[in-house]
Amino acid sequence: PRFWLEVLDETLESHELSRSKVRPWFQLDRAGDFREALMWASLVNADFTTRACHDRRVLSPEEAHLWETLQKQAPLGTYCLSIAAGPRRTAREATIEVKSCPVVLPLKDGVQVEVFAVYAREISSVPAGNEPIDWMLLTTRQVTDLRQSCEKTVTNRSLRSCMP
């Protein structure tokens with residue numbers, strides 16, 4: 001974790017020295033889901049998104065765990081996603097259902113952070129031998145509708161127009 005934080009700090013420092021008017025947005029994979037990174041994200045003037053790998057305890061909207069909390073949320077909607085073939089993955093068009101809500105996560109020593117959790121999961125049939133898409137993201141960016149969720153979960157070239 002120490003090296004992640006060093007890189008994040010150095011990148012943010014370089015950005016500030018550049019005097020850019022663009023707000024930085026750090027996007028990390030599962031390795032970025034650790035307490036210190038979430039704490040860092042809550043303290044800096046930048047946006048942060050990481051793919052969750054821990055079923056963390058959630059204090060709000062009710063005390064529970066992350067996946068349980070998001071499964072209870074009403075869907076924001078669905079979108080179609082082109083899945084490329086891979087070593088253990090068949091190419092396909094996947095229908096992804098998205099749910100989101102703000103959550104308060106306890107970190108340590110009484111410290112809490114509020115982030116938006118975004119849960120994107122494949123609801124279309126999955127070819128035999130394939131795992132369905134199942135992404136849980138934690139982000140400091142607001143997510144209250146389908147368009148905002150797509151900004152966090154897909155790239156423009158993989159998103160097809162089954163959005164409203």
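User: Which residue in E2 is the bridge partner of phenylalanine 26?

Analyst: In E2, that partner is phenylalanine 48. This is a predicted model: local features need pLDDT of at least 70, side-chain atom pairs count only at pLDDT 80 or more, and totals for chains, interfaces and linings use all residues. Residues are numbered from 1 along each chain as its sequence is written, and side-chain values use heavy atoms, without hydrogens and water.

User: What makes E1 and E2 a pair of strands?

Analyst: Strands are DSSP runs of E, at least two residues long; helices are runs of H or I, at least four; both are numbered from the N terminus. Two strands pair if DSSP finds at least two bridges between them. E1 and E2 are joined by four, so they pair. They run parallel.

User: Why is E2 called largely enclosed?

Analyst: Buried means under 20% relative accessible area, exposed means over 50%, and partly exposed lies in between (1.4 Å probe, protein chains only). Four of the five residues of E2 are buried, so the rest of the structure largely encloses this strand.

User: Why is threonine 49 called buried?

Analyst: Threonine 49 is in strand E2. Its relative accessible area is 6%. The limit is under 20%, so threonine 49 counts as buried.

User: How do you know that the side chain of threonine 49 makes a polar contact with that of tryptophan 25?

Analyst: A polar contact is a pair of N or O atoms within 3.5 Å; within protein, one must be able to donate a hydrogen and the other to accept it, and residues adjacent in sequence count only if both atoms are side-chain atoms. The pair with tryptophan 25 is at 2.9 Å, so it passes the distance limit. A second polar contact, of 2.7 Å, joins the side chains of threonine 49 and threonine 139.

User: Which residues does threonine 49 touch, not counting those up to four places away in sequence?

Analyst: Contact means heavy atoms within 4.5 Å. Among the residues touched are Phe26, Leu28, Leu137 and Leu138.

User: Why do the buried residues of H2 line one face of the helix?

Analyst: The buried residues of H2 (35-43) are Ala37, Leu38, Trp40 and Ala41. Seen down the axis, they fall within an arc of 160°, so they line one face. The arc is taken from the directions from the helix axis to the C-beta atoms. An α-helix has 3.6 residues a turn, so residues three or four places apart point the same way. What covers the buried residues of H2 includes helix H1 (2-18) and strand E6 (92-106).

User: Why is serine 42 called partly exposed?

Analyst: Serine 42 is in helix H2. Its relative accessible area is 41%. That falls between 20% and 50%, so the residue is partly exposed.

User: What makes E6 mostly covered?

Analyst: 11 of its 15 residues are buried. Seven bridges join strand E5 (77-83) to E6, and 11 join E6 to E7. Both pairs run antiparallel. E6 and E7 form a hairpin with five residues between them. In the turn, aspartate 109 has a positive phi of about 55°.

User: What makes a nonpolar core, and which members of the largest one touch the most others?

Analyst: A nonpolar core is a set of buried Ala, Val, Leu, Ile, Met, Phe, Trp, Tyr and Cys residues joined through side-chain atoms within 4.5 Å. In the largest, of 27 residues, Leu66 and Val103 touch the most other members. H1, E1, H2, helix H3 (66-71), E6, E7 and E8 each supply at least two residues. Apart from it lies another core of 15 residues, including Val98 and Trp135.

User: Why does glutamate 122 count as buried?

Analyst: Glutamate 122 is in strand E7. Its relative accessibility is 6%, under the 20% limit, so it is buried. Its side chain makes a polar contact of 2.9 Å with the side chain of arginine 92.
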